[in-house]
Amino acid sequence: MSPTRFFLPRLSLVPTTHGRNNIQLISPSVTLKTIDNYGKHSMSALRRSLPSPSCFKPPNGISAAPPPTPPPWSYPLQLTRGHATVAGSGPSNSRNHSYWPWPWFTGALLASAASGLLGYKFAVSGLHLDQSGNPSSAHSTTHFGSPTDFNKCIEELRGLFPGDATSTDPDDLEAHGFSENDYHPGAVHSVIVYPQSTEDVVQIVKLATKYRMPVVPYAAATSLEGHTRGHPTAGGICIDLTHMDKILEIHAEDSDLVCQAGARWMDINETLKKKGIPLFFPIDPAPGATIGGMLSTGCSGTNAVRYGTAKGEWFLNATVVLPSGEVIKTRRRSRKSAAGFDATKLFIGAEGTLGIVTEVTIRLTPLLPTTVAVAHFPNVYKATEAVIDVINKGVGIQCVELLDDNLMRATNKYSSANRRWPEKDSLYFKFQGPSQESLKETAKVVKQVVEKHGGYGFTLARDDKEAASLWTDRKNVLYYGLSLVEGSKGWSTDVCVPVSKLPQLVYETKKDLSEIGLVSTIVGHVGDGNFHALLLFRTEEELVIARDAVHRMVERAIAMDGTCTGEHGVGIGKKEYLIEELGVGTVKLMKTIKQAIDPLGLFNPGKLYPDELASPSSVSPHSSPKVA
């Protein structure tokens with residue numbers, strides 16, 4: 001078994017007080033906290049950071065110039081036997097590290113020795129690290145280029161994309177390798193490139209193939225499962241598509257639109273409104289989300305109960321740059337086609353592991369009159385039962401959202417509107433119809449159903465202005481919820497189950513969360529069985545409690561024939577659940593497709609696909625989908 005290779009550049013020795021045989025190694029990009037007696041005890045995590053030179057403070061009485069900026073291929077590592085923690089990924093977010101310069105030859109010698117010891121330790125124990133920093137026995141067939149190869153690639157990229165179009169600035173690398181939206185391990189890229197066309201992306205991909213550099217697409221960075229992290233030990237090229245944000249064609253008569261992958265869905269709808277075109281794109285995830293990211297994660301939002309998800313027919317075709325550098329268009333622009341299998345859907349939910357999406361044709365739909373109503377319930381069980389009943393009435397429901405009692409408390413506290421609600425589990429309805437009369441008829445039917453299930457306080461917006469104000473509160477609940485505990489951070493996750501199972505899932509999850517000692521909120525797109533939980537924490541210990549609660553929530557959903565993610569995607573955060581949810585055979589098929597399209601394993605490595613396949617006997621009874 002060959003040892004895992006680690007790059008530990010420019011290390012210097014720092015004595016510690018933890019014992020005679022302990023050492024601490026510091027570099028601008030890697031901090032090895034402590035190797036307790038060379039692994040006799042549990043290894044401390046390698047905590048990754050990329051501080052600016054001003055962050056390095058020498059001990060009192062010693063002056064030292066800040067260390068030089070690490071080269072782009074200086075990959076920060078994070079190692080642990082059992083779990084991983086990341087500087088900057090939790091409440092303990094300090095990026096300050098001591099730096100004590102020793103003679104160069106002493107630092108180099110000890111760095112070399114430590115590197116050898118690390119390699120030996122992992123070689124003899126048979127440990128290999130997965131994307132999350134956890135040991136894995138799976139052997140990767142991916143072979144990346146050397147540091148020299150990477151440097152050559154970066155120089156060629158600078159030649160093709162001069163100036164700000166290519167960046168190795170440490171702040172830029174860190175911004176793209178971390179996320180404030182989640183608490184998964186961060187990893188910086190080697191270089192950021194900002195293309196403006198499909199042809200630019202082709203040139204980047206061909207260089208990546210030539211020098212064997214990983215490629216990770218990036219745009220709005222609104223994802224929640226670590227989709228845009230760099231490779232943890234190899235870095236790679238981050239292709240930032242934010243400059244590819246143009247609307248290329250609007251076909252109002254065909255109800256479709258062609259745009260670049262970096263176009264934001266909200267900007268598209270605003271453009272249609274300004275042009276007086278009574279159409280809109282109904283898939284509505286996070287406000288800043290881009291079309292390419294939405295396609296790649298298979299997202300959805302509050303409108304899913306009426307219009308479905310990204311895996312419906314809303315993406316008619318996509319222009320994709322394959323790992324080979326070839327450009328394909330998945331189909332023509334016609335509304336339907338029976339010509340072969342649907343190649344567009346091959347890339348929906350593939351999370352950039354099969355190709356880089358550069359242009360998309362999206363389907364639009366008529367913009368109809370809407371209004372909003374709010375109702376309150378004694379508990380989430382009654383509220384979700386009412387939703388099922390309402391949906392089965394067939395009335396004009398565009399959205400139906402559950403806000404639990406904690407979110408209603410937060411809304412009362414932080415909303416700018418001059419109103420106070422009962423702090424009870426509540427439903428926000430958005431009604432849709434061709435006329436005001438149809439909206440009133442829908443409201444009448446929904447009110448009857450609400451009262452049938454013990455609901456009360458049914459409030460219908462008096463006009464469009466009040467309806468917009470009510471719905472603004474719904475869209476702001478994440479920020480309201482984060483404000484409930486001063487100084488806290490939030491772990492946001494989602495699951496989805498068959499709608500009939502939703503009352504039980506929400507009730508059991510709510511009960512579980514009430515017992516863990518953390519403030520939490522639940523908001524759900526309950527009309528399609530999907531809900532989100534936000535768990536607030538302030539310490540590393542509370543982060544562990546939150547992580548465990550999320551795990552239980554996922555297991556609970558899968559046991560009910562549901563999914564680990566209704567709309568956030570898999571990334572690195574939920575790939576461990578795919579075998580249990582989809583079954584070994586399905587995951588093996590996914591990996592076969594990946595190998596066929598990306599044989600070098602360069603496109604967004606470490607995301608989506610589980611690190612190894614479990615044997616069928618080791619998978620739970622819920623590991624294989626039921627076959628009719």
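Two rings of Phe, Tyr or Trp (for Trp, its six-membered ring) count as a pair if their centres lie within 6.5 Å. By that rule, this structure has seven aromatic pairs, and ring pairs join Tyr-183, Trp-491 and Phe-537 into a cluster.

Before going on, some housekeeping. This is a predicted model, where local features need pLDDT of at least 70 and side-chain atom pairs count only at pLDDT 80 or more, while totals for chains, interfaces and linings use all residues. Residues are numbered from 1 along each chain as its sequence is written, and side-chain values use heavy atoms, with hydrogens and water left out.

Now the chain. It has 17 helices and 26 strands, taken as DSSP runs numbered from the N terminus (helices H or I, at least four residues; strands E, at least two). Of its 628 residues, 55% are buried, meaning under 20% relative accessible area with a 1.4 Å probe, protein chains only; exposed means over 50%.

Take helix 2, residues 147–160. Which of its residues are buried? They are Pro-147, Phe-150, Cys-153, Ile-154 and Leu-157. Down the axis of helix 2, these fall within an arc of 120 degrees, so they line one face; the arc is that of the directions from the helix axis to the C-beta atoms. Glu-155 and Gly-159 are exposed, on the face turned away from the buried side.

Last, charges over rings, which require NZ of Lys or CZ of Arg within 6 Å of the ring centre and within 35 degrees of the ring normal. Arg-306 has its charged end over the ring of Tyr-307, 4.7 Å from the centre. Arg-363 lies over the face of Trp-314, at 4.0 Å from the ring centre.

Note on methods
Rings of Phe, Tyr and Trp (its six-membered ring) pair if their centres lie within 6.5 Å; planes under 30 degrees apart count as stacked, over 60 as edge-to-face and the rest as tilted.
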